Amino acid sequence: MDLQTLSNLFATTFDPNPNVRKAAELEVRKVGNQEGMLAALLQIIASDNVDLATRQACVVYVKNRVGTSYFTEPSPSDPKSILPSDRAALKSSILPLLAASPSRSITLQLASTLKSLVAHDFPDKWPELLDGAKQLLASSNIREVGAGTVVALEMVRAFRFRSKNDVLPGIVSELFPTLVTIASQLLTAPPPGAEQEIPAILHIILKTYKASIVLHLSEHQQNAESLVPWGRLLFQVVNLQIPKEAVPDDEDEREKSEWWKAKKWAYGILGRLFHRFGNPSQLPTPMHGEYGAFAQHFVTTFAPEIFKVYLQQVELYVSGQSWLSRKCQYQVFQFFTECVKPKSTWALLKPHFETLVSTFVFPNLSFTKTKKELWDSDPVDYVRTSIDEYENYNSPVAAATTFLLQLVSSRTKTTFMPILGFVNQVLASQPAPPQRFGALNMIAVLGPFIMRHPEVKMNMEEFMVQHILPEYTSPEAYLRAIACEVLGTIERNGIAWKNEDNLSAQFRAVAAALDDPELPVRVQAALALTELISAHETVRDAVAPQVGKVIQDLLKLSDETDLDILNGCMETMVDQFQAELLPVAAQLTSRLCESYIRLARESLVHDDGAAQGADLESVMESDGEDDKTYAAMGVAKTIATIVSAVDSSPEILAQVQEVIIPIIVFTLENKLLDLFDNMYDLVDSLTFKTRSISPNMWPVFEQTYSLFKSDAIDFLDEMLPSLDNFVSYGTETFKSRPDYRRMVADIYTTSITSQHLGENDRVNGSKLAESLLLNLRGHVDDLLQPIIKTAVDHIDSAETSALRLANLEVLINVVLYNPAAALQLMEQYKPGTSRVFFDKWFAAVNSDMNLPRVHDKTLTIVALCALMEIDPNAIPEGLKPGWHGIVGGTLKVFKDLPRAVAARKALQDALHEESDDDESEDDSRFLSTHDDDDDVWDEDSAYLEMLAKEGVRLREKSTKQPADDDEASEVSEASEIDEELGYISPLDNVDPYVTFKQALTTLQMKNSPMYQAATTALDVELQTLLMEVMRIAESRSAENP
């Protein structure tokens, strides 16, 4: 296809006529994989004679094609691969195209294409790229310099997340000295006519440096010859007073301008250097060797200068002498927060914290013009951002809140009372409503600390009466909302009301606020009421008669806002008012299912409409309709709470189940993978609590099998409990449906043989095979051979002890299912297989740790008992010499069974105690007890330390060769196989002692010589144990005749 025809074809891909556009897109797909196609498109993109829109369409296609196919090695047999001629054209054309790019949108597409090329080919297959970047940066043409900075950025971005730091240091040392020189010259001696390009180039250079320090700081960057010029540049940008005429008047547009983007990256770099590499008191131990010396130098030399410069910028901003963008404010707060824990920077911050709180934090927490605009224009978004403020990572309000919390948690003795004094001073001065909101907002933030302070918490009831109760009737809606929020926070943290009338007054006010005309007030009222109900029986009693109305209000609010947090309120209501809601449980569930379907449909529409071929970065940065998905998850959890609440009434539970099944089917049919976890939780809960499978539930089983074999193969972990319940409680249906039995067996064999699944999935598949064999005894004879083949083929391939044991127990279950047939089929498949299996089995029997759980020991005991009862003629020749050892092997398992039973009981008791302990929080998380002028090492510090050490361990594990001491490794891994307290098996109803006594009696009758050989071979310890086991068996037989 010639260039003109190809150009015309792409021009029609944005034709207003949908039929013409569709035909063009189909034709592009048809010819898109032809060799030379990409080379031709590159020529069109370079041509100034082609209109901009067509060139844009071409470059988008090139970016998507490279992004999806460049990482596949070129092959003539693969039509989607990019062949060598097109690869060469891309690499030879991309830099000149960037230098000549006619628009920012085309530059962005070319940059994304370049990043894909770099990630795959540099440096081994494209060593000349570095020289190409240097030539552009050394050019006297400002546009070529700009293109060079883009190339440098994409080279860094391609390697910034790689834990193996082998390529990035070379790029940094070769290009960064040039970049810092260019940036400094642009600020001090800009070339004539370059005024428009300067801020964009500066922005890209700083963004490049920030990208280079995501994980690592190279030796070059740690050296003074790099750190000093870059530090000088960063301070110059931070201190830069941007002329008013150089940026837009509108603050939102000014925030997006290149100048302020450059300042944002300068602040961000300084913060990152301190946070990750330059803070010795918080530097994780594994990083000391690489960054310890740098951190000491940075905290003593650079950190004080950063603090000084930031403080000056804040003073200029709060005094109205200069403007500071929201993202820059965020970065400043972040740095100040990092300064709280190290003693050296705390010494700098300590004299200024009160001023910063009163002039910088407090205005951000007050009711600002921005908050008012959002309240008026989009109250739902206002609620979302105010409740989930921490998720808004660029919000100065979130950062100011974090700074405030860090001050009072890490430096309690110095900061807590002065900050509370400031709040009381504001409230006492009768401030304007926005400032009153700010003071109460600070109380809401500090609530957990206030309620843990032995003196302050005693005054909170008076505070609530004096300052909060009047605000419920304030003419300003935002004050009514913050009053509800303060009450919710104080209640959540355990206020003890001395005067019941004060509590009643607060409750009445919040109940009335549920009908407030302003949505944010209603939401905060719902949250506060939930806390009151959870904490006070008198409130529960008062709400009980009108719980139906409260539930309806919550449902309406939830539909209006799609806030997940309201689903938590609903769950609390259902849990607290089970008796009252029982008669209307089905109707309530139906209403919730309607909400779920609406949210799921909206999420589905968003997924279907998402742009195809979007790169990973844009996907990660896009919020999309995640809120809808999370809200749907919350509704599903509330539905699960109802299921738990009504399980005492089988009739109502059955009604609720029939209401829920359609949403499960809808989710599975539409492959809403993000919601599968919630849906399979519901399937598990419903089938387990009813101990049966409803006729309408069987399509869920069929759909689950289809999904496992297609889109959801990696969801076996979520599917397993439900699949086990289908087998366990639907046995009669399975007995009459051979296709269902084959489906379960196929899931097992697929889980073991699929290359897409890992060892945990293979363990889950083995559990499913065990369920099939235990629950359908006598009905899966035709499946024994494929199960045996699959397990035997992988008996030596497991890498973890969990899979070794699970695979072994599949074969043990086959033996238990039909001992004679199992041994015969093993020998038919491969002579000698039964001996290999027995060697593995008895190695586990003779080990102290390889059958660690009660279930493992019980299964082995009853399976060995089944072998004792086998006809002597069915014993394979290779096993006869050691057959008498079965009795001794069984006794060895009995020896350790009481210890395993006791360990499981101890674990159950420990979990019960832990659930009780969950109710009380550790106050040390809130109020600091250490010296206020020392370094602070808290839970966050310890967590980062743990993550760093775990990262080192995993990296070392991935690079180390297998050690020689495999046996010691197996014992260590086996000790990590924990009891599964929620696992229910048909063997739970089998008494191993009684079973053994019966089997030994049968052995004596059927094969007396073998019985004699088995019992006389026992040593004194095992003979004593045999008598004890028989005594226990007789005792239990007498108790349960």
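Which helices do the buried residues of H37 pack against? The close-up views below start there. This is a predicted model, in which local features need pLDDT of at least 70, side-chain atom pairs count only at pLDDT 80 or more, and totals for chains, interfaces and linings use all residues. Residues are numbered from 1 along each chain as its sequence is written, and side-chain values use heavy atoms, with hydrogens and water left out.

View 1. Helix H37 covers residues 698–708; helices (H or I, at least four residues) and strands (E, at least two) are DSSP runs, numbered from the N terminus. Its buried residues are Trp698, Val700, Phe701, Thr704, Tyr705, Leu707 and Phe708. Buried means under 20% relative accessible area, exposed over 50%, and partly exposed in between (1.4 Å probe, protein chains only). To answer the opening question, these buried residues pack against helices H35 (650–669), H36 (676–690), H38 (716–729), H39 (731–736) and H40 (738–753).

**View 2. Helix H25, from end to end.** The 16 residues of H25 (residues 477–492) reach 23 Å from the first C-alpha to the last, close to the expected 22 Å. That expected span is 1.5 Å times one less than the number of residues. Because 14 of the 16 residues are buried, H25 is largely enclosed by the rest of the structure. After H25 comes Gly494, with a positive phi near 85 degrees.

**View 3. Ser754 in its loop.** Look for Ser754 in the loop between H40 and helix H41 (759–775). Its relative accessibility is 9%, so Ser754 counts as buried. The side chain of Ser754 reaches the backbone nitrogen of His756 at 3.1 Å. Contact means heavy atoms within 4.5 Å, and, leaving aside neighbours within four places in sequence, Ser754 is in contact with Ile713 and Arg762.

View 4. Rolling a probe the size of a water molecule over the atoms shows where empty space is left. On a 1 Å grid over the protein atoms alone, a cavity is a set of points where a 1.4 Å probe fits but cannot get out, and lining residues have an atom within 4 Å of a point. Among the residues lining the largest cavity are Val574, Gln578, Leu588 and Ile642. Helices H31 (578–581), H32 (585–609) and H34 (626–645) are the elements that give two or more residues to this lining.

View 5. Most residues other than glycine have a negative phi, and most peptide bonds are trans. The peptide bond from Phe122 to Pro123 is cis, with omega near 0 degrees, and Pro123 sits in the loop between helix H6 (104–121) and helix H7 (129–137). Gln430 is not a glycine, yet has a positive phi of about 50 degrees. With 65% relative accessibility, Gln430 counts as exposed. Arg691, in the loop between H36 and H37, also is not a glycine and has a positive phi of about 50 degrees. At 44% relative accessibility, Arg691 counts as partly exposed.

**View 6. Where to read with care.** The predictor's confidence in each residue, from 0 to 100, is called pLDDT. The protein chain averages 90, and 93% of the residues score at least 70. Over residues 609–624, however, the pLDDT is below 50. Residues 961–975 stay under 50 as well. Where pLDDT is low, the predicted coordinates should not be read in detail.

Note on methods:
A polar contact is a pair of N or O atoms within 3.5 Å; within protein, one must be able to donate a hydrogen and the other to accept it, and residues adjacent in sequence count only if both atoms are side-chain atoms. On a 1 Å grid over the protein atoms alone, a cavity is a set of points where a 1.4 Å probe fits but cannot get out, and a pocket is an open set with protein on both sides within 12 Å along at least five of seven lines; lining residues have an atom within 4 Å of a point.
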